[in-house]
Amino acid sequence: MASVDIVDVRKSFGAVSVIKGVNVSIDDGEFVILVGPSGCGKSTLLRMLAGLENISGGEIRIGDRVVNRLPPKERDIAMVFQNYALYPHMTVAENMGFSLKLQGASRDKISEKVRPAAEILGLTNLLDRYPRQLSGGQRQRVAMGRAIVRMPQVFLFDEPLSNLDAKLRVQMRTEIKELHQRLKTTTVYVTHDQIEAMTMADKIVVMHDGEVEQIGAPLDLYDRPANLFVAGFIGSPSMNFLHGRLDETDPGRFLTKGGASLPLIARPGKAGGGELVYGLRPEHVRLGGDIPVEVVVVEPTGSETQVVVRLGADEITCVFRERIAARPGETLQLSVDAGATHLFDAETGRRITC
């Protein structure tokens, strides 16, 4: 195992800059997830860490070694790809042990490594099968097993669950997290799914347009997003944003452009008199209160009910644990948890602290 340091790393394709000076420090044994929308540069950064892409600038260190110019096989990493990348003419056991075979390991040595990995992943009864005889989840386990038998310093995962159905993704999330807790190997995982990031990571790196927007523990990013992008990206359903300004007559209220008045936990001292953005997560709205809204859409999901309502001239999403019988066009009275609200500068997008 080893720490990983990404220092001012840049990547350009001709005149196009896709990674713009990224800095990330990953501790030994840490599970770090790179998350962001398609095209943000997260997979490119992972491929540079693996040695599959050249670095235009900066430095990558794995442990005490600078690996900028080392080929992938000398970096002591193992990568699990999105499309499994299994050899169709090899059995499960042969796929898992192939990297050891290339290293010249004996048949007994390969079996010694493959069988414990197969037991960890529940593949013992499948070792003689071929990839075509496996389900998607089983194939992904084989790809993970191939990485485990190498016992690398760093595991790299490139959107490994995106080809699986929703139920299997939930199961595999748990299995990957349990695997990390057992092996304690430094892991860098790329996904565009913020639910995967929130549920699996020790630390999340949120990327956008080739830059790091924020780094932190999952709940730190959720509770204290650095800017509008992070606030809108982390959380499902996403945070509601309402443009407006502070109420000059009542220091504890925010006036939206749509004509609504909403509570604040405290008046920020550095907000000035410019336009602000009021951030409100759907679960921080409660039934009952003095804020009238019109129901637009009701979406029951079983454990909770999502309701889109019209607040003044704006539409916001609310999530209630209660099962409500409201219909479109009806009026509800709501309240807001003022202590969980956020303010952002409309021009810069940065979060304003009170």
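Is Phe98 buried or exposed? Phe98 is buried, with a relative accessible area of 18%. Buried means under 20% relative accessible area, exposed over 50%, and partly exposed in between, using a 1.4 Å probe and protein chains only.

This is a predicted model, where local features need pLDDT of at least 70, side-chain atom pairs count only at pLDDT 80 or more, and totals for chains, interfaces and linings use all residues. Residues are numbered from 1 along each chain as its sequence is written, and side-chain values use heavy atoms, leaving out hydrogens and water.

**A ring pair**

Rings of Phe, Tyr and Trp (its six-membered ring) pair if their centres lie within 6.5 Å; planes under 30 degrees apart count as stacked, over 60 as edge-to-face and the rest as tilted. The count comes to 7 aromatic pairs. In one of them, the ring centres of Tyr87 and Phe98 are 5.0 Å apart and the planes stand at 65°, so the pair is edge-to-face. Tyr87 sits in the loop between β6 (77–80) and α2, and Phe98 in helix α2, so the pair ties together parts 11 residues apart in sequence.

| Residue | Relative accessible area | Class |
|---|---|---|
| Tyr87 | 34% | partly exposed |
| Phe98 | 18% | buried |

Elsewhere, ring pairs link Phe31, Phe155, Phe157 and Tyr189 into a cluster.

**Two helices**

Helices are DSSP runs (H or I, at least four residues), and strands are too (E, at least two), numbered from the N terminus. The crossing of α2 and α3 is right-handed, meaning that the near helix is turned clockwise from the far one by less than a right angle. Contact means heavy atoms within 4.5 Å. The α2 side includes Ala93 and Met96, and the α3 side includes Ile110 and Val114.
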